[in-house]
Amino acid sequence: MSMELDVFVGNTTVLDQDVYQLWLDGHTVSDAVRIRMEAGALQECEANAEVLHSDTTDQFRTFQMCERLLQSPSKVANQLLFQIPPHRQTMLIERYYEFDSVFAREVLGKKLSKGTKKDLDDISSKTGIALKSCRRQFDNFKRVFKVVEELKGPLVENIQRHFLLSDVLARDYAAIVFFANSRFEAGKRKLQYLSFQDFAFCAGQLISYWTVGAVDNMMEDLDVDLEKDFLHDLKDLKVLVNDKDMLDQHKSLVCAQLRGKIKVFSEMEANFKNLSRALVNIASKLTHTKDFRDLFIDLVEKLIEPCRSDKWTIGDLRLFLKHYSSSVHMLEAFRHQVIWDRYMSVIKSCILKMYHD
């Protein structure tokens with residue numbers, strides 16, 4: 001009785017990056033083989049379909065065995081099961097934790113809980129991302145959140161240190177953690193035009209300037225809670241719109257700076273007090289949980305939509321916000337410049353990022 005055996009003996013683990021991506025994307029072995037054949041793998045390797053199927057199955061099996069290690073990236077370098085060069089280890093970890101922006105956009109602001117995980121079928125159908133890939137990405141979000149939740153120190157650095165991710169990817173994860181922690185409303189219809197990267201940019205601004213970590217980067221708890229004293233002090237800005245003389249003086253200063261420089265000057269002049277009240281009222285209500293969570297919807301409804309309606313260009317808006325913010329320093333009776341600058345620097349950046357079709 002004779003038997004045929006295929007035997008392979010090696011040292012360095014062979015990893016095909018293209019096959020790894022197919023595995024990460026949630027394809028079955030059969031789908032992956034078909035995609036590889038369509039890409040010309042048979043001609044490239046001078047192999048037949050059976051060999052390609054065997055190679056793909058073997059690669060998928062290797063990735064599944066690596067997955068447990070990838071979920072604790074620091075273990076990858078110290079394990080002895082797979083001989084993987086350092087640059088390959090970096091690639092495996094980075095790719096494993098990469099995510100689709102459209103998927104992240106769907107879960108942004110939601111609790112990273114079983115309830116949201118049940119919605120992954122719908123998200124998969126809506127985005128066209130395989131359910132298996134959706135689950136991997138969601139579990140990664142949840143895993144990162146759980147690890148950094150109990151750590152003190154800067155969020156981005158903690159993510160990089162524990163998950164060995166690039167700076168760019170760590171910052172994107174910081175945005176996801178920030179939204180999951182703060183529960184900002186991101187799912188309303190009026191916010192659907194905003195991309196994940198729009199929100200990630202705004203999250204970065206808020207983390208850098210408004211959180212407890214912006215003041216003390218060695219807090220005992222997650223450093224992305226907004227600083228309560230700062231939010232409380234924002235109420236002092238109400239004087240800008242409640243004091244009629246100050247409001248009129250502020251308007252005069254801004255109009256003097258912008259006359260002849262923006263095409264929508266007459267619209268800005270007519271609507272100045274409404275825009276100013278909107279900006280100041282958003283600030284003064286941030287101590288209330290619901291208003292705090294509605295920050296982005298308030299910016300869209302009370303500032304972005306009115307400016308869009310009056311056909312402001314991004315240049316008009318940038319110039320208005322610059323002078324609206326800086327002219328406050330010329331108001332002698334105003335005593336809250338430090339709080340004002342801390343508030344407006346973030347709001348300006350977020351509005352300009354969000355002002356597009």
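## A first look around

Asn271 sits in helix H17, which covers residues 265-284. Please keep in mind that this is a predicted model.

**Two buried asparagines**

- Asn271 counts as buried because its relative accessibility is 16%, and the cut-off for buried is under 20%.
- The side chain of Asn271 forms a polar contact of 3.0 Å with the side chain of Asn274.
- Beyond its neighbours within four places in sequence, Asn271 is in contact with Pro306 and Asp310.
- Asn158 belongs to helix H10, residues 155-163.
- With a relative accessibility of 3%, Asn158 counts as buried too.
- Side chain to side chain, Asn158 and Arg161 are joined by a polar contact of 2.6 Å.
- Setting aside neighbours within four places in sequence, Asn158 is in contact with Val148, Leu151, Lys152 and Gly153.

**The largest nonpolar core**

- The largest nonpolar core has 114 residues, and those touching the most other members are Trp210, Met268, Leu295, Phe296, Phe320 and Tyr343.
- Helix H11 (residues 167-182) supplies the largest share of this core, with ten residues.
- Which residues does Phe320 contact, leaving aside its neighbours within four places in sequence? They are Val254, Leu258, Met268, Phe272, Leu275 and Trp312.

**Phe99, a phenylalanine in a loop**

- You can find Phe99 in the loop that runs between helix H5 (86-97) and helix H6 (101-107).
- Is Phe99 buried or exposed? Its relative accessibility is 15%, so Phe99 counts as buried.
- Apart from neighbours within four places in sequence, the residues in contact with Phe99 are Ala104, Gln137, Phe141, Leu169, Asp172, Tyr173, Ile176 and Phe196.

**Arg171 in helix H11**

- Arg171 has its place in helix H11.
- Its relative accessible area is 47%, so Arg171 is partly exposed.
- The side chains of Arg171 and Asp167 are joined by a polar contact of 2.9 Å.
- Between Arg171 and Lys114 there are 57 residues of separation in sequence and 25 Å in space, C-alpha to C-alpha.

- As background, most residues other than glycine have a negative phi.
- Leu164 has a phi near 55°, which is a positive value in a residue other than glycine.
- Leu164 is in the loop between H10 and H11, and with a relative accessible area of 42% Leu164 is partly exposed.
- Arg183 also has a positive phi, near 60°, and is a residue other than glycine.
- The loop between H11 and helix H12 (196-209) is where Arg183 lies.
- Arg183 counts as partly exposed, at 30% relative accessibility.

**Two helix pairs**

- Helix H20 (residues 314-326) packs with helix H21 (residues 337-354) at an angle of about 175°, and their axes are 11 Å apart.
- On the H20 side, Ile314, Leu317, Arg318, Leu321, Lys322, Tyr324 and Ser325 meet Trp340, Met344, Lys348, Ile351 and Leu352 of H21.
- By type, the residues of the contact of H20 with H21 are eight nonpolar, one polar and three charged.
- H5 packs with helix H9 (residues 131-149) at an angle of about 100°, with the two axes 9 Å apart.
- H5 and H9 are therefore roughly perpendicular to each other.
- From H5, Arg95, Tyr96 and Tyr97 meet Arg136, Asn140, Arg143 and Val144 from H9.
- The contact of H5 with H9 is made up of three nonpolar, one polar and three charged residues.

Technical notes:
Residues are numbered from 1 along each chain as its sequence is written. This is a predicted model: local features need pLDDT of at least 70, side-chain atom pairs count only at pLDDT 80 or more; totals for chains, interfaces and linings use all residues. Side-chain values use heavy atoms; hydrogens and water are left out. Axes are lines fitted to C-alpha atoms, for helices over the stretch in contact, and angles run from 0 to 180 degrees between N-to-C directions. Helices (H or I, at least four residues) and strands (E, at least two) are DSSP runs, numbered from the N terminus. Contact means heavy atoms within 4.5 Å. Ala, Val, Leu, Ile, Met, Phe, Trp, Tyr, Cys and Pro count as nonpolar, Asp, Glu, Lys and Arg as charged, and the others, Gly among them, as polar. A nonpolar core is a set of buried Ala, Val, Leu, Ile, Met, Phe, Trp, Tyr and Cys residues joined through side-chain atoms within 4.5 Å. Buried means under 20% relative accessible area, exposed over 50%, partly exposed in between (1.4 Å probe, protein chains only). A polar contact is a pair of N or O atoms within 3.5 Å; within protein, one must be able to donate a hydrogen and the other to accept it, and residues adjacent in sequence count only if both atoms are side-chain atoms. Angles under 35 degrees count as roughly parallel, over 145 as roughly antiparallel, 65 to 115 as roughly perpendicular and the rest as oblique.
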